[in-house]
Amino acid sequence: MTIDTAIRALDVDLLARELGNWRTSSRSGPAYQGLADGVRMLIIDGRLPVGARLPSERALADALRVSRTTVTAAYTQLRDDGYLNARRGARSTTALPVAPAATPATSPARVNLAHAALCAPAAVRKAFIEATHQMTPYLQDIGIELTGLAPLREAIAQRYCARGLPTEPDEVMITTGALHAICLILATYIQPGDRVLVEQPTYHGVLSAITAAGARPVPVAMTHDGWELDAVHTAIRQLSPSLAYLIPDNQNPTGLTMSASDRKYLAHIISDSRTRAIIDETMTDVWLDEPVPPPVGAAMAARRDLVLTVGSMSKSFWGGLRIGWIRAERSALASIAAVRPSIDMGTPIVEQLAAARLLDKPDEVLPERREILQARRALLTSLLRQHIPDFQPGPGGGGMALWVQLPSPMSSALSAAASRLGLDLPSGPRFGVDGSLERFVRIPYTLPEDQLVEAVELLARAWRAVTGTTAPDPGAVVV
């Protein structure tokens with residue numbers, strides 16, 4: 001779980017839980033190094049807020065059942081590396097090191113498996129050029145529009161109508177990306193201390209946003225091949241969350257898609273419990289095996305006001321196109337619009353115009369994007385089978401990453417070892433609550449082929465460093 005940034009003095013038991021199975025990273029080195037790596041990855045992942053006071057050396061040693069010498073050495077290592085600030089007579093506080101100016105000669109290139117996103121297609125450049133030519137009429141106005149430009153809202157409304165959810169343009173609000181849309185909803189409907197039901201695993205950015213809003217994410221575990229909606233229903237009845245957050249399309253990070261029948265059951269749960277739900281459709285276009293069913297909102301026989309559907313251009317077209325939206329009933333959008341001026345004053349005009357151009361002809365872009373992802377998914381699967389055959393990818397049929405089960409709960413240790421080799425790879429617990437998911441890791445297949453090959457080779461080296469194993473025999477047959 002992302003630790004609440006409002007809590008500046010960290011609870012020792014919470015820190016111990018977040019560290020998880022940190023000892024596994026010390027198998028090839030001293031114990032203090034494994035502990036230092038564990039704390040460092042929590043800071044890098046954002047699960048330990050910068051400026052938080054760490055527990056005393058004695059308290060953490062007691063909680064982890066290690067010697068005080070081990071904790072002292074780990075804290076010293078973290079201070080030397082710039083991840084802790086120390087003051088005489090006070091506890092050490094977490095920090096991020098100040099990086100020196102990068103030069104090609106001194107800064108080794110890093111391979112990034114933290115971001116699941118593709119580079120922009122040629123159509124994005126064309127859309128921006130056309131958008132600049134359309135700007136002149138808008139320059140005669142102040143350029144502030146809380147709900148978004150009419151052409152873009154019309155395009156998004158038509159998109160929902162085509163998918164089976166009748167929508168008018170005034171039932172759409174344009175935002176600066178999907179996470180911004182979610183933060184607006186949280187600011188409107190959440191109070192400090194409220195509960196928000198989430199899937200486990202889920203999108204890590206939402207966990208941070210929920211915690212930053214002062215709320216508490218309440219996880220409901222997903223099964224190997226989908227959602228246990230009876231468990232969702234039970235959790236809602238017992239815990240009465242103020243909001244629920246779900247990703248039914250090509251779920252991040254599992255790649256799973258909720259069936260049409262399960263969507264009807266989810267709609268019944270939402271209506272029956274009167275629980276407002278954020279339905280994140282950011283990944284809707286990124287299906288690889290088969291198209292996704294109609295939206296959850298289309299399955300709502302009643303109480304459609306409880307569903308707030310969030311979408312985005314970033315996964316479908318380009319991450320740098322910071323355009324998202326909220327599709328909701330007019331009364332809900334009016335409530336959000338009343339809160340929005342305290343957060344921002346609208347979304348950039350030129351990006352909205354570019355997005356409208358892209359949504360006008362999506363078939364010129366999306367099929368090619370899917371073909372790229374299908375090919376790279378096949379390559380990643382083959383590389384894992386060759387270099388780390390014990391890794392077991394899940395059955396997800398879409399998205400931009402594999403959700404991989406490890407042979408043992410060593411995800412944080414693997415992430416730390418990979419980082420030392422120049423590979424950025426978030427650990428499994430970053431996608432969950434309370435430091436769980438140590439048996440999993442998300443591996444995107446969005447990098448170009450040559451970088452993907454290098455990434456898996458580095459990942460295999462990191463895994464061998466953590467487990468003390470040797471490389472698989474290239475002549476062996478893997479079934």
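**Strand pairing and helix packing in a predicted model**

Strands β4 (residues 172–175) and β10 (residues 324–327) run antiparallel and are joined by 4 bridges. The model is predicted, so local features need pLDDT of at least 70 and side-chain atom pairs count only at pLDDT 80 or more, while totals for chains, interfaces and linings use all residues. Residues are numbered from 1 along each chain as its sequence is written, and side-chain values use heavy atoms, with hydrogens and water left out. Two strands pair if DSSP finds at least two bridges between them. Strands (E, at least two residues) and helices (H or I, at least four) are DSSP runs, numbered from the N terminus.

Buried means under 20% relative accessible area, exposed over 50%, and partly exposed in between (1.4 Å probe, protein chains only). In a regular strand the side chains alternate between the two faces of the sheet.

An open sheet is formed by 3 strands in the order β11-β12-β14, with antiparallel pairing. Its edge strands, β11 (392–393) and β14 (440–444), each pair on one side only. Strand β12 (residues 401–405) pairs with β14 over 5 bridges. Val404 has Val441 of β14 as its bridge partner.

Ser408 lies in the loop between β12 and α14 (411–420). Ser408 is partly exposed, with a relative accessible area of 21%. Not counting residues up to four places away in sequence, Ser408 touches Glu438, Arg439 and Trp463. Contact here means heavy atoms within 4.5 Å. Ser408 and Leu288 are 120 residues apart in sequence, and their C-alpha atoms are 29 Å apart in space.

Helices α13 (residues 366–387) and α15 (residues 449–467) pack at an angle of about 30°, with their axes 10 Å apart. Axes are lines fitted to C-alpha atoms, for helices over the stretch in contact, and angles run from 0 to 180 degrees between N-to-C directions. The two helices, α13 and α15, are therefore roughly parallel to each other (angles under 35 degrees). The contact involves Arg376, Leu379, Leu380, Leu383, Leu384 and His387 of α13. From α15 come Glu449, Leu452, Val453, Val456, Glu457, Leu459 and Ala460. By class, this contact of α13 with α15 has 9 nonpolar, 1 polar and 3 charged residues. Ala, Val, Leu, Ile, Met, Phe, Trp, Tyr, Cys and Pro count as nonpolar, Asp, Glu, Lys and Arg as charged, and the others, Gly among them, as polar.

Definitions and conventions: Parallel < 35°, antiparallel > 145°, perpendicular 65-115°, else oblique.
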